[in-house]
Amino acid sequence: HPPWLPTRQWTGAQADLQMAKSVTPVAHRVGVSLSPWVVLRGVLTCSSWHEFTVHLRDVYGDVMKIELWPVLPPIYLMMGKAANRGVFSEFDSSLGQILQELINVLPVSARIPKEEDVQLQKRVATLFQSGTVVDELLPSFRMSAKSLGEKWMCPQDPCRPLMVFFELSEYVLRADLKLLYGQTFSDRYYDLILPRFTQWVKNIANGQLIGFFDDLGGCLRQEIADRQAHPDLYEDDRSVMQVYLASGALDRHAVDDVVGLLSMTLMAAVFNTQISLAWILVHLYSDAELLRRARSEIASCRNADAYVELAGLSFLNSCIDESVRLHTMLPGNTVIRRALRNVDFDGVHIPRGSILWLYPNAVHQDANYFEQPSTFCPMRFLKSGELERMSTEFELVTFGYGAKRCIGEKMARAMIIAFLVEVLPALDADVPTPLPADDNLFDLIPASKLELRNVKRTSPNDSSDSEITATLATSSVKPTPRQGKS
């Protein structure tokens, strides 16, 4: 009992907790709002965001109402397998995207249309999911990865730790600039944008959302004007920007809106990829067995410039699923939808216009579904059919599900595995322990603390890989196809 909190208020919180747990059955409640006393108790007793959500779920069940009117409409926080199934499948046709509206309240200079341009997004999805486009990009991904790996092996100050998340900006940004804005834009503006982007990422890790978008917006406007003036020079360009212009986006939206959409697409593409890749590297270099297994699978890959080959690397793909399950905010913490029609879930009536906030990590971090849920264990997905079962039963929704599944999944997998294919066999590194605590709230902050030390070229005399290769060759486990494969 904190000395600054009056006893009668503390007693009120305990009474409220007891009432919510034992007096009112969850199945018969309708629209139960969060009590400030229950929230306060959680804040005082829980050490992480996930622990706090478990506390709320113990009190209120799988759905609870958050009242922020008139700032926002009613928000319904939902957790559990049934909630995953409801939001991603059963209620999907009754729910609409709202992320674009929320982005416009962030303190950034980019602004985007409130309403989603469905046809435009379908064309972008077709580009992202094209095996031909991915295969065209893979050689450049690998070249950039190799270049960065060589840089890591020759540091300016060998005594300084390599801050792996920030260092990956160079690779991820270059790859995404080419994909989103085209080779010409990347060649023209990369050297200008990289230092400003890196500083912006550091600002975010320190709690500041300012900077970068003014600079990026200026470059995008200049590029759009150039493409409009010389359209014949970009006829063969395969980029999101070209999809926008070729589909008449400027006929339906102002230039500032198109620039905002292109800017936010970069933010969405970069962060989850960069965070996932940083954690994968640290986890693999922290565990010699995992590292040997990854290197052995890479050695078995016949053609790393073909996505169909990369999609068959079951262990590396499982590392991606496991890293996203453990460490990324989207979708782990935050899947946001708006109710286009009235829906009912777990005895709670959710009116049209309400916001549904799904918290998938309630399942992703649940020991009932994931043994030792806080442990990085990609082998949990290698059992034949297990990944498909977990996805079908909504235990694992790392890339979403159904019609609103992440359109960039295939490209993100290609980008991450291309980097691992080039860097893991070439580099050895140490990882300081313990790893940064990930409280499952804002994923970028713990990722920004990840370090590699003593980075050096691998020894050519490591014979342990052959033993792992033999083990894998005789294993009965078959690769499980990923959603992003075809």
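Q: What makes the span of helix H15 close to the expected one?
A: Helix H15 (residues 288–299), a DSSP run of H or I with at least four residues, has twelve residues and reaches 16 Å from first to last C-alpha. The expected span is 1.5 Å times one less than the number of residues, and for H15 that is 16 Å too. Bear in mind that this is a predicted model, where local features need pLDDT of at least 70, side-chain atom pairs count only at pLDDT 80 or more, and totals for chains, interfaces and linings use all residues. Residues are numbered from 1 along each chain as its sequence is written, and side-chain values use heavy atoms, leaving out hydrogens and water.

Q: Why is Cys406 called partly exposed?
A: Its relative accessibility is 38%. Buried means under 20% relative accessible area and exposed over 50%, with partly exposed in between (1.4 Å probe, protein chains only), so Cys406 counts as partly exposed. Cys406 sits in the loop between helix H19 (386–392) and helix H20 (409–423).

Q: Which residues of H15 are buried?
A: Among them are Leu290, Leu291, Ala294 and Ile298.

Q: What makes S1 and S3 edge strands?
A: The open sheet has five strands in the order S1-S2-S8-S5-S3, with mixed pairing. Strand S1 (63–66) and strand S3 (95–97) each pair on one side only. Pairing takes at least two DSSP bridges between two strands.

Q: How do you know that S5 and S8 pair?
A: Strand S5 (residues 335–339) and strand S8 (residues 355–358) share four bridges in the antiparallel sense, and Arg338 stands opposite Ile355 in S8.

Key:
Helix = DSSP H or I, 4+ residues; strand = E, 2+ residues; numbered from the N terminus.
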